[in-house]
Amino acid sequence: MAHSPIPVTVLTGFLGSGKTTLLRHMLQAEHGLKLAVIENEFSEVPIDGQLLGDRPVELVTLANGCVCCSIHVELEKALFLLLDKLDSGELAFDRLVIECTGLADPAPVAQTFFADEELAQRYHLDAIVTLVDAVNAERHLQEAIAQAQVGFADRILLSKTDLATAEQVEALRQRLQRINRRAPIQVVEHGRIDLAALLDVRGFELDAQLGPALVLRPLTAPAGSADRIASLVLRSEQPLDKNRLNAFMEGLLERHGNSLLRYKGVLCVAGEPRRLVFQGVLRLYGFDWDAEWGADEARESVLVLIGDNLSEEEIRAGFAALG
């Protein structure tokens with residue numbers, strides 16, 4: 001029996017950034033969706049006191065049909081458990097939200113949906129959403145894991161902006177944009193936001209959309225910036241040689257694969273009328289040919305890399321040699 005893949009939203013953010021408040025809003029909002037939420041035992045505040053217990057997995061169905069799952073086991077087991085209960089008719093849900101702990105690296109969560117064939121068929125990773133506390137961001141972003149959470153994001157939500165000055169918020173926006181050039185930045189007020197901004201993001205689909213918030217102009221970090229995670233945007237107006245491109249990408253992944261949090265490209269390959277699109281997370285990536293370039297369209301290649309201490313000069317030189 002064929003099943004439509006269940007869209008998955010991964011919710012992350014440093015300690016105290018407001019993930020649980022947002023989750024409560026998602027569960028209580030009048031959206032007509034049946035959400036399943038997986039939270040683990042390290043959440044700052046459980047969604048419902050009934051969720052915490054001694055059993056490996058606790059399930060609670062709320063009055064509006066949403067499902068809460070508190071796990072004390074590996075994520076894969078919780079995902080398969082939900083599928084078993086969905087297939088048996090014991091539970092009904094059409095979307096899944098996973099709340100990561102404040103100190104969690106989103107990478108293993110994202111990789112879960114690509115590494116197991118059955119999970120890849122039954123679930124569809126839609127987006128990673130990262131909350132950032134506008135008041136405490138300067139302190140939080142001293143931690144590499146907090147920067148990584150921003151780097152992995154498809155959407156960035158600023159919380160507690162009402163407690164920060166306009167200057168603080170603007171400086172934070174610029175810093176977050178230097179870390180992640182792909183993700184739109186929006187404000188969430190006490191957990192309230194239009195859920196349409198967080199659902200059906202299609203952040204992991206192969207297409208020619210690099211991101212609605214992609215800024216191609218240079219973003220200069222202030223002197224003394226200690227951010228390890230940053231975005232690198234590569235552009236070329238020359239058609240790229242296919243063989244040299246393959247060698248460049250193989251070398252890039254060999255040397256920097258463990259440091260490339262997210263990457264995506266829309267490339268013009270010499271002798272090919274179609275766009276080549278690809279994207280990846282660390283060493284997991286996919287690519288395909290997209291639609292043909294328009295007759296009057298500028299055939300420009302753009303590659304966006306978000307990574308940890310990338311060798312910018314080396315990478316730029318290698319990409320410039322592909323034309």
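The side chain of Gln149 comes within 3.1 Å of the backbone oxygen of Ala104, a polar contact (N or O atoms within 3.5 Å, one able to donate a hydrogen and the other to accept it). The model is predicted, with local features requiring pLDDT of at least 70 and side-chain atom pairs pLDDT 80 or more, while totals for chains, interfaces and linings use all residues. Residues are numbered from 1 along each chain as its sequence is written, and side-chain values use heavy atoms, without hydrogens and water.

- Gln149 belongs to helix α6, residues 144-151 (helices are DSSP runs of H or I, at least four residues).
- Its relative accessibility is 1%, so Gln149 counts as buried (under 20% relative accessible area, 1.4 Å probe, protein chains only).
- Beyond its neighbours within four places in sequence, Gln149 is in contact with residues including Thr12, Phe14, Thr101, Pro106 and Thr130 (heavy atoms within 4.5 Å).

**Aromatic rings**

- There are four aromatic pairs (ring centres of Phe, Tyr or the six-membered ring of Trp within 6.5 Å; planes under 30 degrees apart are stacked, over 60 edge-to-face, the rest tilted).
- The Phe114 and Phe204 rings form a tilted pair, because their centres are 6.0 Å apart and their planes lie at 45°.
- Phe114 is in helix α3 (residues 106-115) and Phe204 in the loop between β8 (185-187) and β9 (229-236), 90 residues apart.
- Phe204 is buried at 12% relative accessible area.

**Charges over rings**

- Arg262 lies over the face of Phe204, 4.0 Å from the ring centre (NZ of Lys or CZ of Arg within 6 Å of the centre and within 35 degrees of the ring normal).
- Arg275 lies over the face of Trp293, at 4.6 Å from the ring centre.

Notes:
Helix = DSSP H or I, 4+ residues; strand = E, 2+ residues; numbered from the N terminus. Buried < 20%, exposed > 50% of the residue type's maximum accessible area, 1.4 Å probe, protein only.
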